[in-house]
Amino acid sequence: MDDRIPLTAKRNASQGYLRLPEPPASEHKDLVVVLRCPPGAQRSTIIMWGKKLEEPRTGVHTVELAKGRADITAQCAQLIAEWQRFVDYESNTTGRRTTETPYTHLADLSGRPEGEVEENVAELAWHGARFLTRLLEGHGRVASFRDQLLALLRHRDLRIRFDSDVAIPWQMLAVPSGPATADPPCGDDAFHRFLGHRHQIETTSPDTYDMAYWYEGIRSEHVSSLNVNEKLMAKVPKAKDVGDLLAKRTRVKERFFRAQLLQDLKKPVLDEDIMYFFCHGGYEYQSGHAWHSLRLSDTAPLDPDHIDGHRSQFTESAQDSPVIFHPLVLLNVCSSGAPGNDGSLRFASVFVKHGAVGVLAPHISMPQIFGAEFALKFLEHYVVERQRAGEAVQNCVHWFAKTYRNPLALAYSLCCGLDTRLPVTTEETTV
């Protein structure tokens, strides 16, 4: 007897998702800089190419640098320490230091005594330029490479990708001062020297998302999540405004505890356009090793290995049902963008490895008040004005520099996602 074959198609066979013929590609960059520094190696290799760079007659633009991974990691730590000292700056209005640290509880620094902020920002720019100079020091071919790269970085509004084995805070580096850098409209303003002020920048690393199957949701509204500490959301000015903006513009899921987040990370479909984190973070230490962690409303830490372990069963699998995880992740968590010990996972690289279309995170212990203000301004650009993430970040840097005279937006690094923007909903396509 022949088997009966159903003649009706399964309803909603795609489960509400559209499978694309291939993963979406990023647009070409004006400049790509690749830095390879293997663990234990005493030297590094740097390569660059892009639309704004003439190709050599033979080969590519590449040289070997005298700095190895350990040296570069130490430089990163020193630069981050300088920015942390800026945050912890003690005012000196009476000729002697006080215990007041105004930059920790003020986002708007425009009312500070004349010249105070400018002097401190100029010092940060000096350290950022010093990092770049030390990284590229050398003679002969290295000097030629350095001159070409610095000439490009002195331009404005380039779209740049830095792909590095070490989590260098490229946006916090600065072009050396001098006649070639002095932009007439800026006068003696040091803000314009930072790479993150001059250009749209994304960082990438060898940890990539290589799934061959890419799905997009077919839905009428955007989806976001608030992964937060309830006490911080209640007490920090503008924190509630961030939640209100997302609630008005998207369908929001709230998570206040580690168990809630881990439970959702176990699901093959975690379909959110934006994952917003606002909670305490820092480093865990054990037996000479350090790694990142964050805490929501409970005291249990969550580290990158938890995310990696819960998502790894889905990331590279080719299943009949969709595997969905493509959020833009905004980690308003202290030091969540900074490098850890060699061998330890980073939040940014883990999220991107498992499908995130971008991760925005600070390299320093960010003051909570500024963090909330930054998130609100970024989401206004990204969600309301529908700017691409790279454009939104640079516009935040410009706004806080001009309006608040505050450089801390430069401490946020965008890992991938320069061209990421909110997908179009079915409701928007019918308008």
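Ala167 counts as buried in this predicted model, because its relative accessibility is 12%, below the 20% under which a residue is called buried. The residue sits in the loop between strand 5 (159-164) and helix 4 (195-198), and one of its contacts is Cys76, a buried residue of helix 1.

**Surroundings of Ala167**
- Leaving aside residues up to four places away in sequence, Ala167 touches Cys76, Gly337, Pro339, Arg346 and His363.
- Between Ala167 and Thr204 the separation is 37 residues in sequence, while their C-alpha atoms lie 8.7 Å apart in space.

**Helix 1**
- Helix 1 covers residues 69-87, a run of 19 residues, and its span of 27 Å from first C-alpha to last is close to the 27 Å expected at 1.5 Å a residue.
- Its buried residues are Arg69, Ile72, Gln75, Cys76, Leu79, Ile80, Glu82, Trp83, Gln84, Phe86 and Val87, and these pack against strand 2 (31-36), strand 3 (44-49) and helix 2 (116-135).

**Helix 1 with helix 2**
- The axes of helix 1 and helix 2 come within 10 Å and cross at roughly 175 degrees, and helix 1 is therefore roughly antiparallel to helix 2, given that angles over 145 degrees are classed in this way.
- On the side of helix 1, the contact is made by Ile72, Gln75, Cys76, Gln78, Leu79, Glu82, Trp83 and Phe86, and on the side of helix 2 by Asn120, Val121, Glu123, Leu124, His127, Gly128, Phe131, Arg134 and Leu135.

**Helix 10 with helix 11**
- Helix 10 (residues 368-384) and helix 11 (residues 389-404) pack with their axes 9 Å apart and at an angle of about 130 degrees, so the two helices are oblique to each other.
- The crossing of helix 10 and helix 11 is right-handed.
- Helix 10 contributes Phe370, Glu373, Phe374, Lys377, Phe378, His381 and Tyr382 to the contact, and helix 11 contributes Ala389, Ala392, Val393, Asn395, Cys396, Trp399, Phe400 and Tyr404.
- The residues in the contact of helix 10 with helix 11 divide into 11 nonpolar, 2 polar and 2 charged.

Notes: Residues numbered from 1 in each chain as written. Predicted model: local features only at pLDDT ≥ 70, side-chain atom pairs only at ≥ 80, totals over all residues. Heavy atoms only, no water. Helix = DSSP H or I, 4+ residues; strand = E, 2+ residues; numbered from the N terminus. Expected span 1.5 Å × (residues − 1). Buried < 20%, exposed > 50% of the residue type's maximum accessible area, 1.4 Å probe, protein only. Contact = heavy atoms within 4.5 Å. Axes fitted to C-alpha atoms, helices over the stretch in contact; angles between N-to-C directions. Parallel < 35°, antiparallel > 145°, perpendicular 65-115°, else oblique. Left-handed = near helix turned anticlockwise from the far one by under 90°. Nonpolar A, V, L, I, M, F, W, Y, C, P; charged D, E, K, R; others polar.
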